[in-house]
Amino acid sequence: MQAGAPRKHRFSWDTFSAVATLIPTLLVLGVFVYGFIGWSVYVSLTNWNSLIPSNTFVGLQNYLDILQTYRFQSDLRNIVVFTVFFIVGCLVVGLFLALLLDQKIRAEGFFRSLFIFPMAISFVSTGVVWAWILNPNTGVNLILKSFGMKHLPEWFLSTVIIPNFGLGQIDVGIPLALLAVVIAAVWQMSGFAMAVYLSGLRGISDEIKEAARIDGAGAWRLFFAITLPQLRGTTTTIIIILTAASLKIFGLIYAMTGSGQEFVTDMPSMNMFQTTFQGNEFAQGAAIAIILLLLLASFIIPYLVSTLRRGDEA
Amino acid sequence: MKRSRIIAAGAAALIALTATVPALAATAPKGELQIFSWWTGVSSSKALQSLINIYEHEYHAKVINEAVAGGAGSNAKAVLASRMEAGNPPGTFQVHGGNGSLLSWVQANDMVPLNSLYKQEGWYKVFPKSLLNLITFKGKIYGVPVDMQRGNVLWYNPQIFHKYHLTAPKTFAEFFHDAAILKKHGITPLALANHGNWEATLLYCDVLLGTVGPEKYEDLMTGKMSWNTPGVKSAAATFTKMMSYTNSDFSALHWSQADQMVAQGKAAMNVMGDWAQGYFTTDLHLKPGSGFGWAPTPQTKGSFAAVTDVFGLPAKLKDNTPTLNFLKVLGSEKGQDTFNPLKGTFSPRLDANPAKYDAYSRQAMQSYKKDKLVLIIGQGGANPGFTNAFSNAMEIFVTNHNIPNFVSAIQSAAQSNPLS
Amino acid sequence: MSIVWKRTLRILLYVLLIALALLYLVPVYVVLVTSLKTNSAVSLSQMWELPHGLSFSSILSAWAQLGPNFGNSFELAIPATLISAVIGALNGYALSKWKFRGSSVIFFLILFGMFIPYQSVLIPLLKVLDAIGLYNTIGGLILVHVVYGLPIVTLIFRNYFAAIPYDLVEAGRIDGTGYWGVFTYIFLPLSIPGFVVAGIWQFTQIWNNFLFAVSLTNPPNQPVTVALVNIAGSQTVQWNVQMASALLVSIPTLIVYILLGKYFVRGLLAGSVKG
């Protein structure tokens, strides 16, 4: 933690340079992020819920309205379930792939490009293809059937929610249909996690590993005692980026399943888009955006504070 | 130290570059007519291009074709709404005729009335009164209709119907009679696709129309009648019963995939707007009559669920002339009879030339001229707020079949987004 | 460990890699065979089957519709990726190695920018770009992508640089170089994997972005994704042309992956610590 600490109080040209470096970024983000968030907050407090712009202040009415809908309650359940499974999936698969590729193998470049390739294909098409592959009547189930499997999964057409207890208007639990979507999303994004992990692995100096090896550490110990702790910063990077990607996931699900039966695969981003632009309820759409941001801040801030405090120079 | 200063200067220059790069980019050409639509498909874009060609030729002007695709125009609607709200409207834009988005734009004072254009071009006599009613608000006309499509068509596989000695069902009783026979033979009676969720809404509207009849249906759609009526409930019950004769993977399918099931003989019937006809003939190369059959959906003979695309004159344009000139082409007999055969739709003008259209369209034209025109939710029939709420209710109802919840959801949707 | 055991492990490793590669290729296979079929031959029940005779018509048709927009995408994605990566590297350097009072707060403020839901800010975005004269220009799109890419790129570089020991800064200072010198001579050469990751992310995001492209530009200034979605989202979807388009559009990104991937160099840091 002492890393960046020296000369904190005295003025120096170096500190000045550091601050100056950040100013352009802060200026543009001040407009394009914070200015626009301010605009959204303002809109969400008005009754601009048709094509006729309105400045009438209605307080938190839009928030109350939106929170009481079956659809938005489903969205909150879905986004939490999806994000958790998606991120864990990407981290596990990505790290596994990166470790395999880090074994000084031949044709590393070929395999690496192949595993990232899904990210390059537009969601518009991958969504459609996954909908075909996971269609219970025609897709991968045909293959499972030929292996003699009796109870074929319903994939994204399932309306089953486990464990399923009622809360508000909805059933709370893990909608199985979402897991099918997670498979598609992990396929598409795990390559990026692999790439980041690979860059992290390549940053661990061989000397440390060598020293541990001389001390008699086995492969497993080496992994858990040296490699994994060294990848902590890398993991934080991936988690944050994929959380942002997960909250905005739109194209893939829109093309693959849409909102799903009883909104089992609906996402806040889709709700926001349709509320705003199909229903022209701009104030309610803005309220959804703000609720999302608040939710996110409540998760991300504690996480960031703890990682910053722990000191990620390790 | 010197070197580091050079580097500092370099870094500063790079930051400055981010500000200057945009300035080097091209600016939008001025004085060209921007035409905004969601016509990006093969036949519809070809049809639009033919209209643009006529306009560019006759007026020596240039057009920017701003077609934006997306599920039932959803992307297009988002871009359009953003541009209108930001005070940057296109020269003219596509919108469904009826009390949907068109009326909303009118209410927001974003449209200019076209009565004088209608008088000048003699269009009051050319378009039927029933159609003009759909685009007239408080005595002012706000759009020029370019095409006509029908939303209450039952498509069927003639081979299957012949094999089991069936005829296209005229009533719901006949429908369920046929469906039971088909199901017994292992054929899906009714193909359903609901990936976009507007498809089930269309089916429900057709069932409702067949249940309550066109007059009461219109009363419901214009807010003259409460949605808490027995007709709405019994239509919901019929709809639920129909659902038991459909394929189970409906929420995974796009509308054309349901029609493909019919064409392949896996399913016998499908309810869809007559844009399906373009899919049967152009994509699957089937002949009207022998390759696919059609009839009005049960109990809706004499009603024509009109889905029409209209273009209007946005307010706040710098120069109205290019738009007005384009609208003249759009509404002309020449323009419409060039456009519609290419698109697979027909011209809403009474003097349209039937010889230019195929067997299906000629028959649809006949119905259009004598039937009562009604509107469909999701195809321009009701205001956007109601439509969105209805569609949310449908997303739940299509699976859980809970009629009381469905009806009360529509009712509260009608209360918070009044239809009158 | 015996040599035989080691050999077996190596073989198992390759078997595993090949199996995973095949698994990853299943959806790509479906995209590919669909794009080579005629439109009437595309159907759900035959999705796994190979096409009867090759039909390149869909690829030609896709190229005809996409071709004119490719140039715009290159003009957009290359500068936007480079600019955001460079600024992000500078930000990450300042935030990881020159902490000052409040730098954690600034880091958080920058980071939070990545979570803003783009759909909800289209209207003010359009207004701002119109006001500064950049609506309907590739320059405007570059600006937007740089701005919204900065949080992620800054994060990537900050966490990447944080793993580099502070001793290197001290060493640079002893040699008499300051803030910029340490960056240029010590950190920039070490940051190649960071640039690879940032470049992969940014290029993919910018190249595939549809929402900004369709909202902020009109023809003929639109990037290729708009043309792609226009093919995909029509009333009757031509699945074969759509799949062929998606493959064509993905090729430049794949090339970027292959080119950048070469710089996943091993032991960069180890060498520099020694030197």
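Rings of Phe, Tyr and Trp (its six-membered ring) pair if their centres lie within 6.5 Å; planes under 30 degrees apart count as stacked, over 60 as edge-to-face and the rest as tilted. The close-ups below show a predicted model, in which local features need pLDDT of at least 70, side-chain atom pairs count only at pLDDT 80 or more, and totals for chains, interfaces and linings use all residues. Residues are numbered from 1 along each chain as its sequence is written, chains are lettered from A and ligands numbered from 1 in the order in which they are written, and side-chain values use heavy atoms, with hydrogens and water left out.

**View 1. A cluster of aromatic rings in chain C.**
Ring pairs join Y93(C), W98(C), F157(C), Y160(C), F161(C), Y179(C), W180(C), F183(C), F187(C) and F195(C) into a cluster. Over all chains, the whole structure holds 75 aromatic pairs. Why is the pair F161(C) and F187(C) edge-to-face? The ring centres are 5.4 Å apart and the planes stand at 85 degrees, so the pair falls in that class. F161(C) belongs to helix α5 (residues 138-162) of chain C and F187(C) to helix α7 (residues 179-190) of chain C, 26 residues apart. Helices are DSSP runs (H or I, at least four residues), numbered from the N terminus. F161(C) is buried, with a relative accessible area of 0%. F187(C) is buried too, also at 0%. Buried means under 20% relative accessible area, exposed over 50%, partly exposed in between (1.4 Å probe, protein chains only).

**View 2. A tilted ring pair in chain B.**
A pair of aromatic rings is described by the distance of the centres and the angle of the planes. For Y118(B) and F127(B), these values are 6.3 Å and 50 degrees, and the pair is tilted. Both Y118(B) and F127(B) are buried.

N78(A) sits in helix α3 of chain A. Is N78(A) buried or exposed? At 0% relative accessibility, N78(A) counts as buried. Its side chain reaches the backbone oxygen of V264(A) at 3.4 Å. Beyond its neighbours within four places in sequence, N78(A) is in contact (heavy atoms within 4.5 Å) with residues including P175(A), L178(A), F263(A) and M267(A).

**View 3. Where chain A meets chain C.**
This contact takes 99 residues from chain A and 100 residues from chain C. About 9,200 Å² is buried between the two chains, and carbon and sulfur atoms give 75% of that area. Buried area is the accessible area (1.4 Å probe) that two parts lose on being put together, summed over both. The interface has 1 salt bridge, a side-chain nitrogen of Lys or Arg within 4 Å of a carboxyl oxygen of Asp or Glu. D14(A) forms a salt bridge with R173(C), with the closest N and O atoms 3.0 Å apart. Helix α1 (residues 13-44) of chain A gives the most to the chain A side, with 18 residues.

**View 4. Where chain A meets chain B.**
Here the contact takes 32 residues from chain A and 30 residues from chain B. The two chains bury about 2,600 Å² between them, 57% of it on carbon and sulfur atoms. How many salt bridges are counted between chain A and chain B? The count is 0. On the chain A side, α3 (70-101), α11 (251-256) and α12 (268-278) each supply at least two residues. The largest share, 5 residues, comes from α12(A).

How values were computed: A polar contact is a pair of N or O atoms within 3.5 Å; within protein, one must be able to donate a hydrogen and the other to accept it, and residues adjacent in sequence count only if both atoms are side-chain atoms.
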